[in-house]
Amino acid sequence: MGQPRKLFIRTYGCQMNVYDSERMAESLSGYEQVASPDEADLILLNTCHIREKAAEKVYSELGRLKGLKATNPDLRIGVAGCVAQAEGAEIMRRQPLVDLVVGPQSYHRLPELEARAREGRQAIDTDFPAEDKFEHLRGRRAARGPTAFLTVQEGCDKFCAFCVVPYTRGAEVSRPPERVLAEARDLVERGVREITLLGQNVNAYHGGDWSLALLIRSLAGIDGLERIRYTTSHPNDMSDDLIAAHGEVEKLMPYLHLPVQAGSDRVLKRMNRKHTAESYVRLIERIRAARPDIALSGDFIVGFPEETEADFAETLALVERVGYASAFSFKYSPRPGTPAAERAQVDPAEADDRLQRLQALLTRQQRATQDAMVGREVGVLFERPGRMPGQMAGKSDHLHAVHVTADVAPGMLRRVRITGSAPNSLAGELCAG
Ligand code: 5AD
Ligand code: SF4
């Protein structure tokens, strides 16, 4: 064999894209990954379509790559991910330097598409084939760091009125539990200690008659796997057995990302969320009864069409009631083809102002939750050297970034006493033993 070709992947958007990019890199066996697009023979942009800004980034990045193609005639450029799915061949019309377009459900066909693109033939695949793409995406078994993502479910049947996911990722599909367990065992053999199960609607997981709770209980039986997390969840799929698992499964970490999007029932109804603010708050109470120290996180959209100041005040009131350890908040962005894009839009300046007010409140809550950790003892999985010499950094059970000044190897799970809180991280000391 000759020299391996060089692959550069840029990943945008969510954690599922991070996982997909890893699988794509492994499946392209004639390539080694490089850290800069300048050295590459194949550049893949794994894209996100969730908001307009995310989608536009792709075209500005493609514009920047133009010069590279002039200097390296062997360079091929591919667009993967949700923009590829949503726009398909339109991408090549808008930016002719693109050689390959592949949607999220067709990644197992990437090696074949790459070969076509090399030969200068058309390479577009945005089908929704029936086979489990991940079964065909098995590649090299390289050693891994202590944490990994593992996609168990894809797609969404909820059709929130603002969201493109049901169109770009398709209908809900769960992977069979035995494949998930096999992949988890394989990751653990390669050094992984913490697995985050991924899905657009991960708690809707239904592999055969397995629920997510059953899958988690089964994963917890794997020796060497120390921590389990999952994301992202929908309130309506928070089943009794999953809530119970939070109280019973020690390896399931006390952290939950449970987006509510808004606090006004009028807005929630127009978003097609199929729950109310009150039912969400009651759900949180039940989760906290099962696991009192759980750290909650959420997603919020402000300036959804026809949102009034009174509606927005109800979002602030809900945030005050719940108390979030962290949260993501976004200004509504109309997405082509979704129902809400056709409706009367909120004045952008008003939406900006609401976003600022919401973010100020969420930041205060995040700081307060973090500051309250000082003096407590938590588990920390160490991952990498910290920013200062002699430091090691990792994540706490509650997903706070923690650093200690001590000699502790990556992959070690240790008890740490928290001694200080800075805006985005905690300082601590290793406990004895
Ligand atoms: N505009 C703004 N935010 C959106 N999200 C999804 N679609 C949109 C949109 N059109 C947010 C939601 C979701 C998160 C992943 O992105 O809050 O939970
Ligand atoms: Fe989008 Fe999540 Fe709603 Fe599904 S549940 S439509 S992925 S916001």
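Thr-232 sits in the loop that runs between β13 (227–231) and α9. The model shown here is predicted. In it, the peptide bond from Thr-231 to Thr-232 is cis. Its omega is near 0°. That is worth a look, because most peptide bonds are trans.

## Helices α8 and α9

Helix α9 covers residues 240–248, and helix α8 covers residues 212–219. How do the two axes meet? They come within 8 Å and cross at roughly 25°. Angles under 35 degrees count as roughly parallel. Helices α8 and α9 are therefore roughly parallel to each other. Their crossing is left-handed.

Which residues are around ligand 1? They are Ile-50, Arg-51, Phe-162, Gln-261, Asp-299, Ile-301, Phe-330, Lys-331, Tyr-332, Ser-333 and Arg-335. This shell divides into five nonpolar, two polar and four charged residues.

Polar atoms of the protein approach the ligand at several points. A nitrogen atom of ligand 1 is 3.0 Å from a polar backbone atom of Phe-162. An oxygen atom of ligand 1 is 2.6 Å from an N or O atom in the side chain of Gln-261. For the side chain of Asp-299, an N or O atom is likewise 2.6 Å from an oxygen atom of ligand 1. Taken alone, ligand 1 exposes 410 Å², and the protein buries 86% of that. Two elements give two or more residues to the shell: β15 (295–302) and β16 (326–331).

## Gln-261 in its loop

Gln-261, one of the residues around ligand 1, lies in the loop between β14 (255–257) and α10 (265–270). What is the phi of Gln-261? The value is near 75°, which is positive, and the residue is not a glycine. Most residues other than glycine have a negative phi. The side chain of Gln-261 also has an N or O atom 2.6 Å from an oxygen atom of ligand 1.

## The surroundings of ligand 2

Ligand 2 has its own shell. Cys-156, Lys-158, Phe-159, Cys-160, Phe-162, Cys-163, Val-165, Pro-166, Asn-201, His-234 and Arg-273 surround it. Among them are the cysteines Cys-156, Cys-160 and Cys-163. How does the shell around ligand 2 divide? Seven of its residues are nonpolar, two are polar and two are charged.

On the side of ligand 1, a polar backbone atom of Phe-162 is 3.0 Å from a nitrogen atom of the ligand.

Terms used: Residues numbered from 1 in each chain as written. Chains lettered and ligands numbered in written order. Predicted model: local features only at pLDDT ≥ 70, side-chain atom pairs only at ≥ 80, totals over all residues. Heavy atoms only, no water. Near = heavy atom within 4 Å. Polar contact = N/O pair within 3.5 Å; in protein donor to acceptor, adjacent residues only side chain to side chain. Areas by Shrake-Rupley, 256 points an atom, 1.4 Å probe, with all protein chains shown as cover. Helix = DSSP H or I, 4+ residues; strand = E, 2+ residues; numbered from the N terminus. Nonpolar A, V, L, I, M, F, W, Y, C, P; charged D, E, K, R; others polar. Axes fitted to C-alpha atoms, helices over the stretch in contact; angles between N-to-C directions. Parallel < 35°, antiparallel > 145°, perpendicular 65-115°, else oblique. Left-handed = near helix turned anticlockwise from the far one by under 90°.
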